[in-house]
Amino acid sequence: HFAPNHHFAPRLPTTLTNWLESIQWFAIMGTTHLFGVALPEETFYRGYLQPRLEALWPPKTRVLGVLMGKAVIVTAVLFALGHFLGEWNPLRLGPFFPALVFAWQRNKTGSILGAITYHAVCNILGEVLFSLYAPN
């Protein structure tokens, strides 16, 4: 009952006005996800919280050649809980898993740029896919 009852119904714009509206929608949505969602979330979780926790609990395990540890797990749990508290929908705990990828990227490069970019791309892809479904 947490997943809406929708069916796959992609449609292309039919007029120039529809195309321009679609391009505008994509530009606004993409900008919002990059600068309004991914940038602040990654700056806090991977740029501030994860390094602070790694100072308390230094990573000791290598995952694909990158040091990871307890701090990554705790940060990912807090990231998922932050999404869950906004909607109280158990499906919103799903961001735990991409948070592990974002953390891996941060530890691999020492920068949050890759995590910001990948986070935004994931959100944009999700939004586009969601737009392809229509209520039954």
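Predicted model: local features only at pLDDT ≥ 70, side-chain atom pairs only at ≥ 80, totals over all residues.
A search of the whole structure finds two salt bridges.

Let me step back to the overall layout. Taken along the principal axes, the C-alpha atoms of the protein fill a box of roughly 55 × 35 × 25 Å.

Staying for a moment with helix α1, which covers residues 16-56, we find leucine 20 in it. Leu20 is also part of a nonpolar patch on the surface, formed together with Leu12, Leu16, Trp19 and Ile23, and these residues have about 580 Å² of accessible area together.

Now to how the helices pack, where two numbers matter, since two packed helices are described by the angle between their axes and the distance between the axes. Which angle do the axes of helix α2 and helix α3 make where they cross? For α2, residues 70-87, and α3, residues 96-109, the axes come within 9 Å and cross at roughly 135°. That angle is why α2 is described as oblique to α3, and the crossing of these two helices is right-handed. If you want to find this contact on the screen, look on the α2 side for Val72, Ile73, Ala76, Val77, Phe79 and Ala80, which meet Phe96, Ala99, Leu100, Phe102, Ala103 and Asn107 of α3.

Helix α3 also packs against helix α4, residues 113-131, at an angle of about 150°, with the axes of the two helices 7 Å apart. Because angles over 145 degrees count as roughly antiparallel, α3 is roughly antiparallel to α4. Here, too, the crossing is right-handed. The residues of α3 in this contact are Val101, Phe102 and Gln105, and they meet Gly114, Ala115, Tyr118 and His119 in α4.

I would finally draw your attention to Phe102 in α3, which is among the residues that meet α2 and is also listed among those that meet α4.

Key: Residues numbered from 1 in each chain as written. Heavy atoms only, no water. Patch = residues over 30% accessible without salt bridge, like charges linked within 9 Å, V, L, I, M, F, W, Y side chains within 5 Å. Areas by Shrake-Rupley, 256 points an atom, 1.4 Å probe, with all protein chains shown as cover. Salt bridge = Lys/Arg side-chain N within 4 Å of Asp/Glu carboxyl O. Helix = DSSP H or I, 4+ residues; strand = E, 2+ residues; numbered from the N terminus. Axes fitted to C-alpha atoms, helices over the stretch in contact; angles between N-to-C directions. Parallel < 35°, antiparallel > 145°, perpendicular 65-115°, else oblique. Left-handed = near helix turned anticlockwise from the far one by under 90°. Contact = heavy atoms within 4.5 Å.
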